[in-house]
Amino acid sequence: MPPTTNGTTVPPTTNGTTTPGEPEWCSPGFWRNNYPEAWGPTGLTGNETYSSQFGGDLPTRTQAGINAGAPIDPTLIYTLQNPQYYGGDDTNRIADLLSSLHPDINYTGVRVDNCPL
């Protein structure tokens, strides 16, 4: 249910602005395949560590990641480029972050199949 103020429904916001229209989201594959060009407007370079963007949380390594010695706290782009080492929840979380930061994406917290980029 959308938040309310004094009984009035408040539309979702992105970067502090009202977000009219249909929800949009770009998948982990989009962000991986369009690195670094599409990342520019987000303010992220891809070299940020996973934990620095998610309050100290670390991604979950798969058994393949553990066996391969994949980093415990990888960069965002490394995580996206190696989904076999990290769970889908972790790559989706990065896609959520990037979608929410991009000014041309109306990400409302809902993962939908309609990336506008």
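**A close look at helix α5**

The buried residues of α5 pack against α1 (28–33), α2 and α4 (76–81). Please keep in mind as we go that this is a predicted model.

Helix α5 covers residues 88–101, and one of its residues, Arg-93, forms a pair with Asp-57 that links distant parts of the chain. How far apart are the end C-alpha atoms of α5? They are 20 Å apart, which agrees with the 20 Å that 14 residues should span at 1.5 Å a residue.

Which residues of α5 are buried? They are Asp-90, Thr-91, Asn-92, Ile-94, Ala-95, Asp-96, Leu-97, Leu-98 and Ser-99. For Asp-96, the relative accessibility is 14%, and it counts as buried because the cut-off is under 20%.

Now for the charged side chains. A search of the whole structure finds two salt bridges. In one of them, the side chains of Arg-93 and Asp-57 meet at 3.1 Å, N to O. Arg-93 sits in α5, while Asp-57 is in the loop between α2 (50–53) and α3 (63–68), and the two are 36 residues apart. Is this pair buried or exposed? Arg-93 counts as partly exposed at 30% relative accessibility, and Asp-57 is also partly exposed, at 35%.

Asp-96 forms a salt bridge with Arg-111, with the closest N and O atoms 2.6 Å apart. Asp-96 lies in helix α5 and Arg-111 in the segment after α5, so this pair ties together parts that are 15 residues apart in sequence. Asp-96 counts as buried at 14%, whereas Arg-111, at 43%, counts as partly exposed.

The segment after α5 has another residue to look at: Asn-106 lies there. Asn-106 is buried, with a relative accessible area of 9%. Its side chain reaches the backbone oxygen of Glu-22 at 2.9 Å. A polar atom of the Asn-106 side chain also lies 3.4 Å from the backbone oxygen of Gly-21.

Let's turn next to a helix that α5 packs against. The buried residues of α5 pack against α1, which is residues 28–33, and the aromatic residues Phe-30, Trp-31, Tyr-35 and Trp-39 are linked into a cluster by ring pairs. How many aromatic pairs are there? The count comes to five. Among them, Tyr-35 and Trp-39 form an edge-to-face pair, 5.0 Å centre to centre with 80° between the planes. Tyr-35 counts as partly exposed at 26% relative accessibility, while Trp-39 is buried, with a relative accessible area of 1%.

The rings of Tyr-50 and Phe-54 have their centres 4.6 Å apart and their planes at 40°, so this pair is tilted. Tyr-50 is buried with a relative accessible area of 0%, and Phe-54 is buried with 10%. A pair of aromatic rings is described by the distance of the centres and the angle of the planes.

One more stop is the loop between α1 and α2, where Gly-40 is found. At 51% relative accessibility, Gly-40 counts as exposed. The C-alpha atoms of Gly-40 and His-102 are separated by 8.5 Å, although the two residues are 62 residues apart along the chain.

Finally, let's step back to the whole chain. Of its 117 residues, buried residues make up 36%. Among contacts with a separation of 6 or more, residues 24 or more positions apart account for 60%.

How confident is the predictor? The protein chain averages a pLDDT of 89, and 83% of the residues score at least 70. Over residues 1–11 the pLDDT is below 50, and this stretch has nine contacts in the model beyond near neighbours in sequence. Where pLDDT is low, the predicted coordinates should not be read in detail.

Terms used: Residues are numbered from 1 along each chain as its sequence is written. Side-chain values use heavy atoms; hydrogens and water are left out. A salt bridge is a side-chain nitrogen of Lys or Arg within 4 Å of a carboxyl oxygen of Asp or Glu. Helices (H or I, at least four residues) and strands (E, at least two) are DSSP runs, numbered from the N terminus. Buried means under 20% relative accessible area, exposed over 50%, partly exposed in between (1.4 Å probe, protein chains only). The expected span of a helix is 1.5 Å times one less than its number of residues. Contact means heavy atoms within 4.5 Å. Rings of Phe, Tyr and Trp (its six-membered ring) pair if their centres lie within 6.5 Å; planes under 30 degrees apart count as stacked, over 60 as edge-to-face and the rest as tilted. A polar contact is a pair of N or O atoms within 3.5 Å; within protein, one must be able to donate a hydrogen and the other to accept it, and residues adjacent in sequence count only if both atoms are side-chain atoms. pLDDT is the predictor's confidence in each residue, from 0 to 100.
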